[in-house]
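Have the viewer open while you read.

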2 protein chains.
Amino acid sequence: MTNHSQSLASVDTPAAIIDTQRMQHNIHCMQTRMDALGVRFRPHVKTTKCSPVVKAQIAAGASGITVSTLKEATQFFDDGITDILYAVGMVANKLPQALALRRRGCDLKILTDSADSARAIVAFGAAHGEMFEVWIEIDTDGHRSGIRPDEPALLDVATILHEGGACLGGVMTHAGSSYELNTREALVAMAEQERSGCVRAAERLRQAGLPCPVVSVGSTPTALSAENLQGVTEVRAGVYVFFDLVMHNVGVCSTDDIALSVLTTVIGHQAEKGWAIVDAGWMAMSRDRGTQKQQRDFGYGLVCGIDGAVIPGYILGGANQEHGILSARRRPGHRHCRALPDRDPTAHPAQPRLRHRRAVSCLPGS
Amino acid sequence: MTNHSQSLASVDTPAAIIDTQRMQHNIHCMQTRMDALGVRFRPHVKTTKCSPVVKAQIAAGASGITVSTLKEATQFFDDGITDILYAVGMVANKLPQALALRRRGCDLKILTDSADSARAIVAFGAAHGEMFEVWIEIDTDGHRSGIRPDEPALLDVATILHEGGACLGGVMTHAGSSYELNTREALVAMAEQERSGCVRAAERLRQAGLPCPVVSVGSTPTALSAENLQGVTEVRAGVYVFFDLVMHNVGVCSTDDIALSVLTTVIGHQAEKGWAIVDAGWMAMSRDRGTQKQQRDFGYGLVCGIDGAVIPGYILGGANQEHGILSARRRPGHRHCRALPDRDPTAHPAQPRLRHRRAVSCLPGS
């Protein structure tokens with residue numbers, strides 16, 4: 001983890017580079033915002049899966065973590081973190097792993113959105129004398145899983161859990177469709193939809209005499225857009241820690257906030273086409289072309305100098321497994337790339353630094 | 001590695017499943033084809049990075065391997081394979097790693113397509129008393145790297161290497177644009193273009209009095225389409241070992257040849273939308289939406305029963321990091337998914353098996 005051009009010159013490429021100053025700034029800004037809104041913050045660690053990063057999030061004030069696999073839960077419990085939400089719907093064949101974690105002292109919370117799954121949890125808990133803490137997943141934007149706030153099934157699932165001897169810990173939702181937005185107004189409205197839907201679900205449980213201490217919401221775009229979080233007890237977000245070009249297009253960060261880039265080496269040229277071939281393909285950059293469906297497509301990445309400053313007019317436009325094709329951005333109406341100008345960072349075997357769009361799992365320490 | 005439904009029921013999900021019978025069939029068919037065409041076969045191991053798979057390829061008759069990183073070269077050299085082609089253009093800062101491998105006894109061949117890189121190799125070799133074996137990359141289809149067969153630069157680069165004390169091992173090309181084709185005629189023509197271009201480059205070198213023992217061509221589609229390989233000494237291919245839905249759309253395999261699938265568990269439903277949510281997201285399935293640009297888009301995968309047979313009419317249409325959304329394929333003109341019929345494998349928490357499109361790097365043994 002360094003942002004010094006000097007030491008980068010000797011790093012084997014391709015390599016993921018974390019700008020720790022930017023990362024700390026992102027962590028600080030999010031935590032400050034959550035403190036001001038009066039809610040706890042539970043970062044989603046699937047973004048980095050990286051212990052030093054998660055330690056920095058907790059040092060800044062985060063309360064517990066969110067994980068997307070029980071493997072991540074085990075890794076971070078082994079690192080000393082006990083308050084862990086496994087934020088993917090629980091199924092019967094994963095209950096033994098969840099039990100093993102709880103038996104080791106992990107304060108693991110599990111999730112469900114169906115009566116079948118709730119019954120399986122309750123039956124397994126009874127058979128093993130374990131009181132699982134279970135949260136109910138709420139669907140506030142129709143993008144994936146969860147029970148809609150006004151569905152009858154909400155009370156059915158909660159009753160199965162509560163009467164079956166589980167600890168009904170609360171409700172949670174994730175407005176993942178916020179990734180598809182790109183105006184302040186739409187983001188504010190989605191954050192309010194996420195908040196009000198989840199609070200509404202909690203109120204229905206409480207009106208039915210059921211416990212619901214936690215009301216958990218979040219996604220990076222809504223966490224950074226919510227104007228009030230009345231009734232919410234905690235927020236979850238992950239991508240904010242490094243940000244990426246998708247978040248830039250959503251409008252919640254600038255390119256100067258992006259803390260992850262990939263250092264690469266020019267390994268060849270096709271001068272007639274204006275291409276430089278680099279040693280960062282999609283294995284290094286990620287195959288996730290997140291900006292493809294957005295209003296501005298950054299290909300596989302923006303190009304930066306070794307100092308981290310964006311070099312305007314270039315993108316990593318193509319990629320194979322271990323090769324990237326770096327070129328001038330095509331202008332509308334021009335069928336061919338422009339020839340690379342004098343300022344071209346690729347005209348000699350230099351090391352341009354490509355702005356990355358997504359966290360990769362090969363970060364140092366992960 | 002198993003294809004027995006019985007034992008799959010107890011496997012933690014998501015899990016990559018290799019059908020070894022299909023894999024062995026694919027290996028056998030390719031090797032038999034190469035033997036009949038009178039060429040050696042050098043599999044590209046970046047597809048699997050998996051020692052048992054590569055051992056099966058060599059046992060079937062392969063001569064040496066192709067790698068895309070020096071890390072792969074080191075892994076397979078440690079496994080006892082010495083004849084290794086590093087098929088990505090060499091740059092100065094990777095020469096120390098290449099030297100270290102050669103000093104350990106690895107018969108590593110390196111690649112170049114530029115005078116700058118050739119000079120760097122020659123200078124480094126002279127400084128360290130090492131005679132590198134270097135192949136020259138030829139561009140036969142304009143898709144990425146290489147020198148075109150008739151370019152003057154070909155003789156310049158070869159002369160720098162030969163006079164500078166390197167071992168000029170041969171020429172190689174990869175007609176990667178064959179992935180964009182989908183008719184037998186176009187594939188046969190591309191295979192011939194790849195062959196004739198590479199042979200032409202070799203002839204130019206030999207006419208100039210330069211050595212060129214190896215003429216290496218290949219991609220899975222062209223290897224399976226070439227009608228003759230006159231003048232070629234070896235072929236390279238990787239994807240054929242498991243195949244995938246991209247190759248199905250290219251027309252060089254059927255779905256019954258695909259040897260890699262991902263076992264997943266249904267973790268929830270959105271009945272009104274006809275969705276089943278499964279625990280295989282793009283981390284398990286790969287984010288590589290290879291069929292997106294093809295005539296038939298399979299989303300993140302086709303759906304199979306636990307016996308491996310395709311269940312018609314369903315795809316893994318959406319995916320987040322750890323969640324997949326399984327649904328009925330949309331029919332043209334229908335705006336919504338059809339409700340899932342009785343035969344629906346997803347109406348209960350069964351384990352549908354999703355046909356995978358790309359090799360993942362988390363295979364057993366890799």
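In chain B, eight strands make an open sheet in the order 2-9-8-7-6-5-4-3, with parallel pairing. Strand 2 (40-41) and strand 3 of chain B sit at the edges with a single partner strand each, so one side of each has no neighbour in the sheet. As a reminder, strands of a sheet pair through backbone hydrogen bonds, either parallel or antiparallel. For a look at one pairing, take strand 6 (residues 133-138) and strand 7 (residues 167-173) of chain B: they run parallel and are joined by six bridges. One residue pair to click on is B:Ile136, whose bridge partner in strand 7 of chain B is B:Val171. Bear in mind throughout that this is a predicted model.

Now to a helix. Which residues of helix 3 (residues 51-59) of chain B are buried? They are B:Val53, B:Val54 and B:Gln57. These residues cover an arc of only 95° around the axis, so they are on the same side of helix 3 of chain B. The cover over them includes helix 2 (20-37), strand 3 (65-67) and helix 4 (70-78) of chain B. Just after helix 3 of chain B comes B:Gly61, with a positive phi of about 125°.

Some backbone details deserve a stop too. In chain B, a cis peptide bond with omega of about -5° joins B:Thr13 and B:Pro14. B:Pro14 is found in the loop between helix 1 (5-8) and strand 1 (15-18) of chain B. Is B:Pro14 buried or exposed? It has 23 C-beta neighbours inside 10 Å, and the cut-off for buried is 20 or more, so B:Pro14 counts as buried. Leaving aside neighbours within four places in sequence, B:Pro14 is in contact with B:Val262, B:Leu263, B:Thr264, B:Asp279, B:Ala280 and B:Ala284. By contrast, B:Ile81 is 67 residues from B:Pro14 in sequence, and the two are 32 Å apart in space, C-alpha to C-alpha.

Chain A has a cis peptide bond as well, between A:Thr13 and A:Pro14, with omega of about -5°. A:Pro14 lies in the loop between helix 1 (5-8) and strand 1 (15-18) of chain A.

Chain A also has residues other than glycine with positive phi, including A:Lys49 and A:Phe243. Here are their values:

| Residue | Phi | C-beta neighbours inside 10 Å |
|---|---|---|
| A:Lys49 | near 50° | 22 |
| A:Phe243 | near 60° | 26 |

A:Lys49 counts as buried and lies in the loop between strand 2 (40-41) and helix 3 (51-59) of chain A. A:Phe243 counts as buried and lies in the loop between strand 9 (234-235) and helix 10 (245-250) of chain A.

Zooming out, chain A has eleven helices and 16 strands. Of its 366 residues, 54% are buried. Among the contacts in chain A with a separation of 6 or more, 65% are between residues 24 or more positions apart.

How is chain A divided into domains? Domain 1 covers 20-244 and domain 2 covers 259-355. Their C-alpha centres lie 37 Å apart. Between them, seven residues of domain 1 of chain A are in contact with four residues of domain 2 of chain A. On the domain 1 side, those residues are three nonpolar, two polar and two charged.

Finally, the two chains together. Superposing chain B on chain A takes a rotation of 180° with 0.0 Å of shift along the axis, at an RMSD of 0.0 Å. The copies are therefore related as by a two-fold rotation axis. In chain B, B:Arg287 has the C-alpha nearest that axis, 2.8 Å from it. The same surface serves both copies, as 100% of the contact residues of chain B recur in chain A.

How many residues does the contact involve? There are 29 residues of chain B in contact with 29 residues of chain A. On the chain B side, the elements giving two or more residues are strand 4 (83-89) and strand 11 (266-270). Strand 11 of chain B gives the most, with three residues. By class, that side of chain B has seven nonpolar, 14 polar and eight charged residues.

Notes:
Residues are numbered from 1 along each chain as its sequence is written. Chains are lettered from A and ligands numbered from 1 in the order in which they are written. This is a predicted model: local features need pLDDT of at least 70, side-chain atom pairs count only at pLDDT 80 or more; totals for chains, interfaces and linings use all residues. Copies are superposed by least squares on the C-alpha atoms of residues with pLDDT of at least 70 in both. Two residues are in contact if their C-beta atoms, placed from the backbone, lie within 7 Å. Helices (H or I, at least four residues) and strands (E, at least two) are DSSP runs, numbered from the N terminus. Ala, Val, Leu, Ile, Met, Phe, Trp, Tyr, Cys and Pro count as nonpolar, Asp, Glu, Lys and Arg as charged, and the others, Gly among them, as polar. A residue is buried if 20 or more other C-beta atoms lie within 10 Å of its own, exposed if 12 or fewer, and partly exposed in between; C-beta atoms are placed from the backbone. The arc is that of the directions from the helix axis to the C-beta atoms. Domain bounds come from an automatic or database domain assignment. Two strands pair if DSSP finds at least two bridges between them.
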